Each structure stands twice: as structure tokens, then as C-alpha cells.
Amino acid sequence: MTRVDDPMFGAQHARARLLVVDDQPLNIRLLHQVFQADHQVFVATSGEDALAFCGAQLPDLILLDVVMPGLDGYAVCRRLKLDPRTCEIPVVFVTSQVDSTEEEVGLAAGAVDFIAKSASANVMRARVNTLITLKRQTDLLRSLAQLDGLTGLANRRHFDTKLDAEWRRGIRSGSPLALILIDIDYFKNFNDCYGHPAGDACLQQVAKCLQGGFTRSPDLVARYGGEEFVCVLPDTPLAGADAKAQSLETAIRALGIPHEKSEVPGGIVTISLGVAVAIPTTRGNHADLIVGADRSLYLAKNAGRAQVKTLQI
Ligand SMILES: [Mg+2]
């Protein structure tokens, strides 16, 4: 999760991860010398190795030789651009002689720039540093566009995209997809009693606690709107989602945030949780899951709030 106060924000000049791909050891050594002081340099000596490297870890930028035995630079670039995981990595072709036909083919394959092997070290560094700065700014904007400004959780747009993607993935895998819809009990009363700044602080505290309840990377916690939160749990059957929801209810209760205008006994902030689980199908829709979780949440509220209700769709 990237937050505005994240160290990432000031990391414009931190060492980037450069992948140098060239079949000639001499060229690799030269590029390594140019960039090693400023960046972390990784090397691959073939197109196949380069793709394998990117499959395991993502570099910030790739310096790619055009002429190589096996997969040449253009083919490598095209493949990287077709894969959603690697398509955002800037690719720079390093060529012995840049002619306009070659440049056209390279740009059409998805490269951002060309550098001549004969260019000076300073020119190479300057061009690469500019591209890395642009890449980082783009990454930052993209992550901010997915965040809720107040809580730092994923926002509604990110949740919608994630739920849709997980529904489609579930259709292929046949594994259950769970949704937990969460509402802070009597939150309007909280705001009326303590004021909106205290309400915001409460939302932030609850958000942080909910986020802390998830350690599996495929899970997502998002702010759904107002005082509502939502969790997406791929590959999770009803029993697992129910247990997770119960533990979240306990964790928020344990925060002990005073709420004297709550009608739940105890005078502290509590949450109601609605769980729905479905095996995604092509006949159904991910909206079914939201409707189901909404129904569970309604039942939890009707039964006196501060509790979990579940539904298997
Ligand atoms: Mg070569």
C-alpha cells in the first residue's frame, strides 16, 4: 500500500533496478560500468533470460540489445508489452547504428527510446535517469488513483476492478470468492457527538485495524463509501470468511474507541459485518456477491449490530 506519507514519495533519486540485456559480455560490462554507481544493475545474456528475469522480478527499466541469437530485442519487447504485469516497464533499445527504419520497428514494438552504443556515458545516464523519473511519477499517480485519500485503503474504483478480476479468475479456477461488507455501528451518532474531525480519526483507526487483519497478498480491503468498508477474499470458503469476519469484529472492539452515543451496549465503536461467498460462474455476476453481502449486513444490523451474518450464494 502506497500512502502520501510513504517514503516512496521522496524516492525519486533512489537506486533504480536496471536490467541490461545483451549477448556480448563486453557490452554488458560497458553498460554496467556506466550505471553501477547510480543504479542496481542486473544482466541477462539472451532474450529468453530477460523474459525469465522479468517473470520473477520487475525491473524499473530495461536496456535491450536488438541483435541477439534466439529471441531478438524486438520479439522480447513485444512479449513484455503483451503481458499486463510487464507492459509498464520502459524498454530502451541500445543499438550500434540507429537508422530510422530500425527506430520505427522498435517504437512499434513498444520501446520508449533508443540509445546508440557509441553515446557517451553522460548522455546514457541522463536519458536513463529522465526515463526512470517519469516511470516513478507514473507509478505514483497510478497508485494514488487507487487509494482513498482519508484512510489510505484501496478506494471504490480499485475495489470494483479487483472484484471483477477475481470473479473472472474464479470462473476459471472454480474456487470460492468471499466478500465481507462492513459498517461502523451508529457512526452518524458518533459524528454528531464528537464532531467530524474525530469521525475522520475514527475511520482512519478502523481502516488501519481492518488492514492489519489481512496478510495474504490476494486479499483486498477497501473503503466502500462513508463508514462502509469491504474486503475481497479470493479462494476462501464460507467457514474461512466467517472466521475472518469474526476476528475483525473482535479486533475493532478491542480498539476500545469510546462511543457514548452507540446503542450497542458497552459504549465503544463496533462494526456489523455481512459475508457472502459464491463460486463464480459465467451465468452469475460479481454484483450478486455485493447484493448477498448487503443482505447479510442488513441481517447483522437487524439482529442488534456488532456481529457477523453470512450467506452462501
Ligand atoms: Mg547483440
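# A tour of rings, charges and a magnesium ion

Start by selecting R305 and Y186: R305 lies over the face of Y186, 4.3 Å from the ring centre. The model on screen is predicted, and every value given on this tour is computed from it.

Next, select R156 and Y224. The charged end of R156 sits over the ring of Y224, at 4.1 Å from its centre.

How are the rings of F159 and Y224 arranged? Their centres are 5.6 Å apart and their planes meet at 85°, so the pair is edge-to-face; the cut-off for that label is an angle over 60 degrees. Now colour the secondary structure. F159 belongs to helix α6 (residues 156-173), while Y224 belongs to strand β7 (residues 220-225). The two residues are 65 residues apart, and the pair links distant parts of the chain.

Are these two residues buried or exposed? F159 has a relative accessible area of 1% and is buried. Y224 has a relative accessibility of 16%, and it counts as buried because the limit is under 20%.

**Other aromatic pairs**

The structure holds six aromatic pairs. For another of them, select F42 and F53. The ring centres of F42 and F53 lie 5.2 Å apart and the planes are at 45°, so this pair is tilted. F42 is in strand β2 (residues 40-44) and F53 is in helix α2 (residues 47-56). They are 11 residues apart, and this pair too links distant parts of the chain. Both F42 and F53 are buried.

Then select Y74, F93 and F114 together. Ring pairs link these three residues into a cluster.

**The magnesium ion**

Last, select the magnesium ion. Which residues coordinate it? They are D23 and D65, each through OD, and V67 through O, at 2.0 to 2.2 Å. Along the sequence, the donor residues follow the spacing D-x41-D-x1-V.

D23 is in the loop between β1 (17-21) and α1 (25-35). V67 is in the loop between β3 (61-65) and α3 (73-82). D23 and V67 are 44 residues apart, and the pair links distant parts of the chain.

Show the surface to compare the two. D23 has a relative accessible area of 22% and is partly exposed. V67, at 63% relative accessibility, counts as exposed, because the limit for that is over 50%.

Conventions. Residues numbered from 1 in each chain as written. Predicted model: local features only at pLDDT ≥ 70, side-chain atom pairs only at ≥ 80, totals over all residues. Heavy atoms only, no water. Phe/Tyr/Trp six-rings, centres within 6.5 Å; stacked < 30°, edge-to-face > 60°. Helix = DSSP H or I, 4+ residues; strand = E, 2+ residues; numbered from the N terminus. Buried < 20%, exposed > 50% of the residue type's maximum accessible area, 1.4 Å probe, protein only. Lys NZ or Arg CZ within 6 Å of the ring centre and 35° of its normal. Donors = N, O, S within 2.8 Å, 3.2 Å for Na, K, Ca; no water.
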